[in-house]
Amino acid sequence: MMVQRPRGTRDFPPAAMRRRLALEGLLEDVAQRHGFSRVQTPVFESLDLFTAKSGPGVIGQLYAFQDKGERDLTLRPELTAPVMRMVAEEMRNETKPLRLSYYGQCYRYEEFKKGRYREFFQYGVELIGAHGPLAEAEIIALAVNMLDACGLENWELRIGHVGVLKDALSGLGLSDEIDASTGEPPIASAMRLLDKGDDNGLATLFSKHGLNPANADPLRSLASLEGGMETLQPARELLSSMDGVSLEALDELETTLNALSALAPSPPSLAVDLTVARGLDYYTGMVFEVKVPELGGEGQVLGGGSYRLLHLFGLPDLDPCCGFGLGFDRVLLALEAQAAASGREETVPGEHDTRPLLAVIPFKIDAQEILPLVGQLRASGVRVELELRGRKVGKAMGWADSIGATCTLVVGPRDIEAGQGMLKDLSSGDQFAVALNVEAVKEAL
RNA sequence: GCUGUGGUGGUGUAGGGGUUAGCACGGCAGAUUGUGGUUCUGCCAGCCCGGGUUCAAUUCCCGGCCACGGCCCCA
């Protein structure tokens with residue numbers, strides 16, 4: 001066998017690539033309408049960038065290496081940290097807030113499966129230098145508008161606020177200092193257990209830190225709330241019943257949700273879920289995620305929220321920021337599954353180029369005779385493909401059909417003498433002579 | 001990290017210890033030479049890799065690689 005693609009990577013032949021470009025274009029178009037501008041960072045970075053953000057534990061999943069100068073580098077596993085690095089390195093003087101979008105491949109050394117590859121593509125945005133409910137609503141609205149624009153159906157948006165549970169947990173007396181035995185703060189452990197619905201684990205944790213396990217009950221009630229805006233009131237009541245617990249986070253969340261409903265169309269499903277913790281300790285405020293049921297266990301297609309990372313780069317005054325990452329490959333998988341199920345013609349809106357495609361067929365003539373026309377037609381915006389193999393007319397028609405041409409222009413010796421060519425509309429079969437100049441041919445298309 | 005199933009031309013497949021390894025799609029060429037998407041003919045092209053068992057392995061066994069799924073994890 002020949003050399004194969006490395007495990008966990010993919011090739012994208014032309015048809016797949018057209019689809020991907022269409023999706024990227026749609027996302028970027030929406031981003032631009034929200035004032036976001038595209039940036040790009042290197043595919044490899046200093047290893048320190050990611051250990052600083054996510055801890056040394058990430059190294060096991062990185063494509064890390066040393067260059068010839070023995071610098072520790074790694075292929076990037078995600079794009080938020082590189083963008084933050086760039087902001088700190090290049091954009092300190094720019095007017096804030098910054099609205100940045102990005103797209104590119106990322107690399108993680110892990111087992112791959114449907115929707116999970118070693119080389120994958122992430123699209124995302126960051127809003128830097130503004131925070132609070134309005135900034136958060138802007139970010140969610142952008143996400144909603146993007147998913148709406150690409151034609152995704154049946155997706156579920158879950159919005160939470162890590163502050164609600166964090167405040168409640170610290171109000172109960174849990175510490176946010178790292179516990180040496182678990183490597184993470186007890187508060188973070190509790191959030192994770194709540195997210196998983198692991199009641200026993202939670203009770204154990206409470207006992208271990210000298211708290212009455214019964215204190216976990218209102219938290220469980222809080223965590224199990226489900227629904228839309230209507231869950232805010234019971235949440236408010238539960239929080240009020242606990243001593244020393246602030247309602248500030250909940251108020252913020254309500255403001256965000258109200259702003260969102262004005263900024264974007266209603267998603268197919270919206271749930272307020274206070275356990276959307278995203279497992280990350282740098283999230284500080286609103287957090288949200290989008291799932292698509294069709295994808296099963298790998299169904300999360302988008303996730304984000306408010307986080308503190310810029311202090312790592314000496315810019316604490318710009319924290320917190322807000323943004324999200326979108327799993328480009330997973331969105332595409334979901335769209336493909338939905339298109340197949342519904343028989344939809346286009347998987348991604350706009351993936352098919354509907355402009356006319358003219359196949360120019362030089363027949364028994366020196367191709368040089370018509371090259372000027374080909375060049376001029378292309379320069380004037382027409383898609384033109386030239387027959388390059390000297391096929392006979394019959395074969396050339398088959399070729400034109402198979403490349404998706406809408407029209408053919410056959411130019412043979414007789415035509416050259418008459419200063420014309422035979423133009424044929426492949427869908428109707430109509431055929432007629434046209435003069436060999438740009439205006440006449442464009443007119444005939 | 002654990003685990004299930006599977007790998008036959010470019011694609012989809014049949015077969016099976018000794019075969020000219022079958023079929024379909026595709027690509028290329030032709031059917032008396034300037035008009036396609038129908039038909040006919042010919043050609044191109046394959047048993048994932050390595051080791052073992054055997055007179056003989058594409059077929060059976062083991063390992064690897066790759067593919068598809070389930071758990072764990074997922075910045």
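## Exercises on the RNA surface

Around RNA strand B there are 41 residues, the closest being Arg7, Pro77, Met397, Gly412 and Arg414; a residue is near a molecule or strand if its C-beta atom, placed from the backbone, lies within 6 Å of it. This is a predicted model, where local features need pLDDT of at least 70 and side-chain atom pairs count only at pLDDT 80 or more, while totals for chains, interfaces and linings use all residues. Residues are numbered from 1 along each chain as its sequence is written, and chains are lettered from A and ligands numbered from 1 in the order in which they are written.

**Exercise 1.** Find which elements give two or more residues to the surface near RNA strand B.

*Solution.* Start with the helices: H2 (47-54), H13 (393-402) and H14 (413-418) qualify. Helices (H or I, at least four residues) and strands (E, at least two) are DSSP runs, numbered from the N terminus. Finally, note that H13 gives the largest share, 7 residues.

**Exercise 2.** Work out how E15 pairs with E14 and with E16.

*Solution.* Two strands pair if DSSP finds at least two bridges between them. Take E14 (residues 407-411): 4 bridges link this strand to E15 in the antiparallel sense. Among the bridge partners are Val410 and Met422. Next, E15 and E16 (residues 431-435) run antiparallel, joined by 5 bridges; here Gln420 is partnered with Ala435. Last, look at the hairpin of E15 and E16: 5 residues lie between the strands, and Gly429 takes a positive phi near 85°.
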